[in-house]
Amino acid sequence: MTKAFTMQYIDDLAIITFDLSGEKVNILKRDVMDDLERILLELERKADSVKGVVIYSAKKTNFIAGADLAEIENIHDETGGTELARQGQSVLNKLAALPFPVVAAINGSCLGGGTELALACRYRVITDEPQSFIALPEVNLGIIPGFGGTQRLPRLIGIPQALKMITTGARVYPKKALRMGLVDEVVPVEHLLNSAKRMIRQPQTGKHRKVFGSVFRNPFLFLEKIPIGRSMIFDKAKKAVRQHTGRHYPAPLAAIEAIEYGYSHGMKNGLEREALLLGRMAVTDVSKKLIGVFRLQEKFSNIDRTPAAYINNICLLGAGVMGAGIATLAAERGLSVRIINRSARRIGQALRSLAAHVGRKKKKLAVTASEAEWIQSRVTYDTEIRGVGGTDIVLEVIAEQMDAKKSIFAEIDKAVSEETLILSNTSSLSISEMAEDVLNPQRVAGLHFFNPVDKMQLVEVVKGEQTSDATVDSLMAFSRRLGKIPVEVKDRPGFLVNRLLLPYMNEAAFLLEEGVQVETVDKAMISFGMPMGAFALMDLVGIDIAAHVGENLYRGLGERLKPSLVLEAMRNIDRFGKKSGKGFYLYDKKKGRIADPDLNTILAHLISGKKSINTRGINERLFLPMINEASFCLEEGVVSTPEAVDIAMIFGAGFPPFKGGLLRYADTLGADRIVSELQKLAESYGERFIPARLLADQAASGDSFYTTQTGDN
Amino acid sequence: MERIAIVAGVRTPYIKAGTHFSECTAVDLGRFVVSELIARTGIDPDEVDSVIIGNVAQPVEAVNVARVISLFSGIPEHVPAFTVHRNCASGMQSIVSAAQSIATGEAELVIAGGIESMTNIPFFLSKKFQKTVTNFQHSHRLKPKLSTLSHLRPADVIPKIGLLLGLTDPTCRLNMGQTAEVLAREFGISRESQDTFAMMSHQRAISARNEGNFKDEIMTVLTPPKFEKAVDFDNGVRPDETLELLARLKPVFDRKYGTVTAGNSSQITDGGAAVLVAGEKAVSKLGLSPLGYIKDHVFTGLAPKRMGLGPSYSTALLLERAGVDFADIGLLEINEAFAAQVIANEMIFASDKYSEGHLGRKAIGSIDREILNVNGGAVAMGHPVGSSGTRLVLTLLLEMQRRSVDLGLATLCVGGGQGAAMLLERS
């Protein structure tokens, strides 16, 4: 039996230390829960002599990381999951029923089952360390809290707040937790035990949890006290969840159901419903896929390459949307940032967007006023290339023109030291060509961020022909420091993500040419699970930019990627998308994105007839070329594994995580079917659909992307 | 002794108080220049041994403003910082203190700066008001609380303007403008000659700008909180200034008989400047290429009511100490606190009679205006008091480079009756 807990009596208090041996974090595995039960039974016997209990973790930056992922992964029938939940609930019920106060003394991350354990305690105190936070991230893995979290949390902090925490899995940091009433005190780490002891010695009346003025801040507080009010709250939450997840994720709705049930049928029945629903969720394909993506994410985040250079500052050439986004990110992560742009007005816009970003975080209590000032103070700027001699990294984010990029590289080359890494954020131009006039081209590489920088987690680290391994290593480590998921890609046109997105956008445009409505295509994509439709995506990226990338890919990769004439036509009439107010859709300040009834008339010269096609047909037209292109990328070694394709498409292009990634999805279709469908499409629509050799081989041998995967990334 | 180099420097535009920098604190102005200096010199902030900032109206919310600036500029926590105050020579004092700490072996590389946010000099409430508030807080019952308040009179809550208090000498009870009037009277300096001098200051500043002389000196600042306005030049400089316009202004400090006007005085201004000071060892270790070296400096005292004569007193002493012939000085910066005050100094420099009377020596030598304040001065650009000393040294060194002048002098009058002078050499 695993010995995870040790108990120590100090005077009339029992101090329980959680320290799971051999692990970096504390996990509530099945046998760990057994160990906890053993301790609780011992405490029950000592009810006369013990006045209170403190539970704390011996791990430096973690209280409890939650349940064991492997155990959940291995649940293959509903009753298994339900049993697991029931067992956990029973242990935590024992904890909650102890006749004396129990305090969870939290330092570091408190996640999932850990949070549920803390909720079963009478009090929670938390340190003000930056790593301290509380969350119930179960829904991100396709499941719901199963150890009573759906029942105890709303009863502690109110239904609306609990719904928000549980259905989004968002982290709650100490100050906010105190304000919400989720914890009873926030203290410096040295006072954690003092605080816990104080909770026991001076029993709290509960008044301290009622945040002053909460009625004024939330005048609808009374709603959750009456059944009709509660049903309003639940309906609103369900609507919000459906809108947000497009019905693809069952877990948040299941969580709401468990909470609602607990209010209408009492806590005991609520717990039982929670256990049932956990069992149901744990066996879903969505959950299995999400856990797979989580593991993939962990794998790609775990960069063990040591950085060749320690990077302290970054200089951005250009101050557009990308420049501003990267500047904000870098400044937030503690780097000195220098922005260089010929137009001071542009720099001003970047500084303003940084200030606005920091202001929003301040409002959310995610940063203090002083931290906000620190972040802003890290940025310097100039209207000419000056003051870059001591810079560790220069990253250009100027317009996508090779000549301009080459000349700015040549210029910057003279101004920086020989060790400075010279990087481009280009989305499709050749890094190797850009490096031609640079003195030490081995320090030139691509570092391709995605828009919006603060939301998109992917970074493509582009290795040019002459880029050294040391440079790539530094950039992989640097990307991690910025909190991004780096994927190393070869310097081929469009790298990985844009190269795969292009055939997808292109096919959408071809469908438009064939007479399919813009909205029909986009609806199909939304119901597939894409965060937005293909046309909406082009509008967001900018049709001019999409067209430009398209031309680059066509030039570099040939006929297969010949762009639809629609993009060019739209660009020529200045319909650039969202930024110009008009693209495939119209953009209204008030109404947002709306369909343009005149679009087909405007493009009449390109549109032939009226075509009807079902959702499945649209999916095939858009995703099969994407899969096919991914196969070409693997053949060419743009990336070396299907995992890299999947992680990049999920975190760089918003490919639905519940499908596990593009090539996981391909594997569920089967190479056989993909190849035969592609061949059919090739017959009807041309050679661009001819399957890649890799796919054809798979179809012939019965392999799939993940079974043929050789070696490790 | 190790020679002390000024490696590089930068300043913000000098901006009239209450205009573009009105939302910038003294700390902001300081971090603008210090972080820009770090970027432009390319030094590793870790190599800096000390940060010294001159500042006159030290902000109450950031006492030891140098430390606050240092940290917000990205200089590591282990690097110490302190603030110096010698009124209008605070900026120069920071350079001298830097040089001294290098000379004693305490430091090798020092950032020295001068900053002033005259916009943010607070208003003060009366002593009586302060007492009332304290008593109010200390009494615990309602009745005594109310009775405390009842003693307050309307006049007690009228604020005193800190800026005016600061510009008034507490020993002779004259404000700085009045000390300029003293010199104008005693030296018989006419209104016209003061206005002509002021006109020259503006014209020189404008043509210096047009020739790009400030390109390396002044950084562009995007002004918070909206960052919509980019300022890259001193907004006190008036391109449309004429003698007629100057003549129309009323005297400020002696309304009946005075000659000192807002037009021929320096302006109330916000701004910051910083230079990198290094010992020779650091220069060769880090491969720096300095603008020039400090040859010698002097601070001296004189009658507070004639504080404007500080340049004469300090220069006389400095030349003697350094054994330098005035004729060898190729370029001069005398801070233009007031046109009258600069002219009075010119008269002492040129005349045996005045020199005898004030300095007890023969004339130093007459100043050729062709080498005096060639890029304009504080009358045009403004005088953020704690910053001007730094600017003078920086602007002098940059002009010495342009003109290939080997020896230059920067000197200031100092409120309270002091003079400051520094000799700089190019190699």
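**Notes on the predicted model**

1. The C-alpha centres of domain 1 and domain 2 of chain A are 41 Å apart. These belong to a domain assignment for chain A that places domain 1 at residues 5–283, domain 2 at 313–490 and domain 3 at 497–708.

2. How many residues does each chain bring to the contact between chain A and chain B? Chain A supplies 18 residues and chain B supplies 17. On the side of chain B that touches chain A, helix H1 (residues 26–41) of chain B provides the largest share, namely five residues. Sorted by class, that side of chain B holds seven nonpolar, six charged and four polar residues.

3. The largest nonpolar core comprises 367 residues, and the residues with the most contacts inside it are Leu316(A), Val277(B) and Val393(B). The element that gives the most to this core is helix H11 (residues 250–282) of chain A, with 15 residues.

4. Pro452(A) is situated in the loop that runs between strand E17 (444–449) and strand E18 (458–463) of chain A. In chain B, a cis peptide bond links Pro224(B) to Pro225(B), with omega at about 5 degrees. Pro225(B) falls in the loop between strand E8 (221–222) and strand E9 (230–231) of chain B.

5. The loop between E8 and E9 of chain B also contains Phe227(B). Phe227(B) is not a glycine, yet its phi is positive, near 60 degrees. Is Phe227(B) buried or exposed? Phe227(B) counts as buried because 21 other C-beta atoms lie within 10 Å, and the threshold for that class is 20 or more.

6. Ser404(B) likewise calls for attention to its backbone. Its phi is positive, about 50 degrees, although Ser404(B) is not a glycine. Ser404(B) sits in the loop between helix H15 (388–403) and strand E13 (407–414) of chain B. Ser404(B) has 8 C-beta neighbours inside 10 Å and is therefore classed as exposed, the limit for that class being 12 or fewer.

Methods: Residues are numbered from 1 along each chain as its sequence is written. Chains are lettered from A and ligands numbered from 1 in the order in which they are written. This is a predicted model: local features need pLDDT of at least 70, side-chain atom pairs count only at pLDDT 80 or more; totals for chains, interfaces and linings use all residues. Two residues are in contact if their C-beta atoms, placed from the backbone, lie within 7 Å. Helices (H or I, at least four residues) and strands (E, at least two) are DSSP runs, numbered from the N terminus. Ala, Val, Leu, Ile, Met, Phe, Trp, Tyr, Cys and Pro count as nonpolar, Asp, Glu, Lys and Arg as charged, and the others, Gly among them, as polar. A nonpolar core is a set of buried Ala, Val, Leu, Ile, Met, Phe, Trp, Tyr and Cys residues joined through C-beta atoms within 7 Å. Domain bounds come from an automatic or database domain assignment.
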